[in-house]
Amino acid sequence: MDQAEQLRNIVKQKNQQIVSNARVITVTSGKGGVGKSNVAVNLAVQIRKSGKKVIIIDADFGLANVEVMFGAIPKYNFSDLIYRGKSIRDIISLGPMEIGFISGGSGIAGVNNLTREQIEYLISNMKELDQMADVIIIDTGAGISDSVLEFVLASPEIVLVTTPEPSSLTDSYSLLKALYRNSEFQWEKKKIKVVSNRVTSVEEGRAVFEKLNTVVGQFLDGSLEYLGMLPQDSMLEKAVRQQKPVTISYPEARVSRAFEALTEYLLEEKESQFQMKRGIAQWFSSLISRRK
């Protein structure tokens, strides 16, 4: 038995011991600059307003958008957990409204090189994280990199952010096509919800979704779900400059109301067995198994 097979067996054994509490939502996009991190952060705020405990994992390596929007600099990241013996509680920073966030750094990207002891330590900490949050949001990098594809493949629930720009729709389709071509991808095991961002009307938001869903059905034999639309709003840009989520700084803004509606729709599925049966420990276990 080679080392890779031994590590897969470790993960399999750990999976049998995992009891998942947290709902894991992965927010991604086919290209940068479409507002993906803004969606992740403001969904977290609205979920927190509903009384749920929320933690964001910022897996957008190098950009650190979440900490910028929270106006906070984390002391530690995932590398400190994996390689320097910090605990999961050590690496969680607090944003507004006590929303926890974790900087991925290069730690998540390096999970394919972990030893047996590091894997066991990581998964034990992820099991603890599952007990600390009701919802965990993973903010991936943008585009169609290997790491983004692996994160999405490990996730049962994905929020895909796109805009009316033709290039954004094309890149969103390219991301979905790359997933479809992966031998491990199955439409029936994923819930991919589309957010139409920076639209001028409800009708345009729906039209953006329909365009993407039509080509997915025609060429990839799959289907998407429509989560909703977010209007173009100067108040969001103002909040970003202030390094604050718009749903906190300007709760009456049009885009804040739209985030409220998106979150209400998202949380209507809270009792779904499909949504609740996998937590963050399972997510990391799936990610490690795929990379070995």
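Why is β1 largely enclosed by the rest of the structure?

The model is a predicted one, in which local features need pLDDT of at least 70, side-chain atom pairs count only at pLDDT 80 or more, and totals for chains, interfaces and linings use all residues. Residues are numbered from 1 along each chain as its sequence is written, and side-chain values use heavy atoms, with hydrogens and water left out.

To the opening question, then. Seven of the seven residues of β1 are buried, so this strand is largely enclosed by the rest of the structure. Here, buried means under 20% relative accessible area, exposed means over 50%, and partly exposed lies in between, with a 1.4 Å probe and protein chains only. Strands are DSSP runs of E of at least two residues, helices are runs of H or I of at least four, and both are numbered from the N terminus. From β1, Arg 23, Ile 25, Val 27 and Ser 29 point one way, while Val 24, Thr 26 and Thr 28 point the other way; all are buried.

Two strands pair if DSSP finds at least two bridges between them.

On one side, β1 (residues 23–29) pairs with β5 in the parallel sense over five bridges. Within that pairing, Ile 25 stands opposite Ile 137, and Val 24 has Ile 136 as its bridge partner. β1 is also joined to β6 (residues 157–162) by four bridges, again running parallel, with Thr 26 opposite Ile 158.

Strand β5 (residues 135–140) is mostly covered, with six of its six residues buried. It also pairs in the parallel sense with β2 (residues 54–59), over six bridges, and there Ile 55 stands opposite Ile 136. Further along, β7 and β8 pair in the parallel sense over six bridges, with Val 195 opposite Gly 228.

I turn now to the nonpolar cores. A nonpolar core is a set of buried Ala, Val, Leu, Ile, Met, Phe, Trp, Tyr and Cys residues joined through side-chain atoms within 4.5 Å. The largest has 36 residues, and those with the most contacts inside it are Ile 56, Ile 137, Leu 230 and Phe 259. Helix α2 gives the most to this core, with seven residues. Apart from it lies another core, of 29 residues, among them Ile 55, Ile 91, Ala 133 and Leu 287.

Finally, what lines the largest pocket, by class? Its lining has nine nonpolar, nine polar and six charged residues. In this scheme Ala, Val, Leu, Ile, Met, Phe, Trp, Tyr, Cys and Pro count as nonpolar, Asp, Glu, Lys and Arg as charged, and the others, Gly among them, as polar. α2 (36–49), α3 (65–70), β7 (191–199) and α9 (234–241) each supply at least two residues of this lining.
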